[in-house]
Amino acid sequence: QKMTRRGARRWTPSASSLLVLLLRSAALLSAPSEGRPFRGTAAEPPSPRSHARARGLPRVRGGGPSSPYEANPNYQGFRRDDGITTLGDLEGYQQPGGQLQRRDAVRREGYESSLHEYHNFGSASSASRRPRPLTEVIAEFFANLHRLSPTLYYGSLSSIGMFLLWQVPPLSPILQRHFVCSRQNTLRRPHSLALSALSHASPTHLFMNLYGLFMFGPHVARSVSSAGLPLWPFALGAALSASATFLALSPRGASCVGLSGITLAMLAFYARSYPSRELGFLVRFVPVRLPAEYALITILALTVLGVLTASRDGVAHGAHLGGLLFGAGYHELLAGGGLTHRRPWDLR
């Protein structure tokens with residue numbers, strides 16, 4: 001040891017100390033031991049057990065040959081043949097769909113499936129695959145509709161059949177007397193108040209009303225059936241309310257047909273049940289989406305405006321108003337417990 005100019009000690013190795021260090025290094029390299037590879041072989045990383053032994057940690061029973069952790073033999077999540085015995089062995093694994101797979105295998109499978117779909121897109125096999133026959137799809141739809149609600153089933157089929165009968169000219173005089181709502185028909189044939197709902201003026205008129213019936217009708221059917229009530233009193237009441245309101249607010253000589261009163265009653269019932277759900281409309285070919293409550297308020301405001309201005313746009317605003325009021329009132333009675341299967345006005 002020598003002293004520097006600033007007074008700090010600096011160590012200078014001697015020849016004898018260097019010789020001792022070289023001899024010890026040669027002895028360590030020539031004698032193989034556990035955890036140290038022979039010369040000429042690839043070096044392996046130290047195992048967790050050797051790390052634990054170096055840190056003085058207590059050895060733990062079980063585990064793999066290179067793990068200080070113990071595997072739980074009673075755990076049913078993994079199998080021994082998966083090669084997963086310790087927590088450390090979970091490295092590189094993930095669990096999609098309840099089954100452990102290596103991440104690289106999952107990525108490879110996802111890439112292969114995507115590549116398969118890319119090559120098969122537009123191929124002859126997928127392009128030549130024909131859809132189900134249209135008649136089979138329609139038959140299945142009406143079968144499901146009949147199981148859900150016979151009222152919707154027979155009401156929709158009756159409307160389609162009535163539209164076909166209107167296309168036969170010799171039947172027009174009979175249909176005009178019994179299936180059109182007007183003051184003259186009501187005084188002589190009161191059943192025209194309800195039967196006029198089955199008639200439609202055009203294919204578009206029929207399609208729009210059936211669309212509303214299939215869109216809102218299933219919800220109303222499930223709601224009233226949960227209270228022990230059938231759907232047909234709701235449909236009959238909506239038709240009568242729509243026709244009566246139309247006759248009360250329309251001038252003499254006016255007439256109306258269609259399921260609009262019933263479909264708007266179902267829309268009002270739906271909007272009162274789910275006010276936050278969005279409904280989509282086409283306004284002059286512009287798609288508009290509104291919460292059901294806002295849609296109900298908008299339709300009600302336009303209907304009242306049409307009644308007050310006596311609009312001559314060919315729309316029975318009075319019938320629409322009667323249907324909206326009936327649907328909203330029916331929902332309030334049902335939600336308040338005023339309609340149950342024990343009430344005397346339940347015609348079930």
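**Helix packing and salt bridges**

Author: This is a predicted model. H6 and H10 are roughly antiparallel to each other, because their packing angle is about 180° and angles over 145 degrees count as roughly antiparallel.

Reader: How far apart are the axes of H6 and H10?

Author: The axes of H6 and H10 are 11 Å apart.

Reader: Which residues meet there?

Author: From H6, the contacts include Leu-152, Ile-160 and Phe-163. Among their counterparts in H10 are Leu-206, Phe-214 and Gly-217.

Reader: New topic. How many salt bridges are in the whole structure?

Author: The search finds four.

Reader: What does Arg-132 pair with?

Author: Arg-132 forms a salt bridge with Glu-136, with the closest N and O atoms 3.5 Å apart. Arg-132 also meets Glu-140, at 2.3 Å from N to O.

Reader: Is Glu-140 buried or partly exposed?

Author: Partly exposed, because Glu-140 has 35% relative accessibility.

Reader: Which salt bridge links distant parts of the chain?

Author: Arg-272 and Glu-332 meet at 2.8 Å, N to O. Arg-272 is in H12 and Glu-332 is in H14, 60 residues apart. Shared partners, in turn, join Arg-132, Glu-136 and Glu-140 into one network.

Reader: Last thing. Which residues form the nonpolar patch on the surface?

Author: Leu-165, Val-168, Leu-171 and Ile-174, with about 280 Å² of accessible area together.

Reader: Where is Leu-171 found?

Author: In the loop between H6 and H7. Leu-171 is partly exposed, with a relative accessible area of 32%.

Definitions and conventions
Residues are numbered from 1 along each chain as its sequence is written. This is a predicted model: local features need pLDDT of at least 70, side-chain atom pairs count only at pLDDT 80 or more; totals for chains, interfaces and linings use all residues. Side-chain values use heavy atoms; hydrogens and water are left out. Patches are made of residues with over 30% relative accessible area and no salt bridge: like charges are joined within 9 Å, nonpolar side chains (Val, Leu, Ile, Met, Phe, Trp, Tyr) within 5 Å. Accessible areas come from the Shrake-Rupley method with a 1.4 Å probe; for residues, only the protein chains shown count as cover. A salt bridge is a side-chain nitrogen of Lys or Arg within 4 Å of a carboxyl oxygen of Asp or Glu. Helices (H or I, at least four residues) and strands (E, at least two) are DSSP runs, numbered from the N terminus. Buried means under 20% relative accessible area, exposed over 50%, partly exposed in between (1.4 Å probe, protein chains only). Axes are lines fitted to C-alpha atoms, for helices over the stretch in contact, and angles run from 0 to 180 degrees between N-to-C directions. Angles under 35 degrees count as roughly parallel, over 145 as roughly antiparallel, 65 to 115 as roughly perpendicular and the rest as oblique. Contact means heavy atoms within 4.5 Å.
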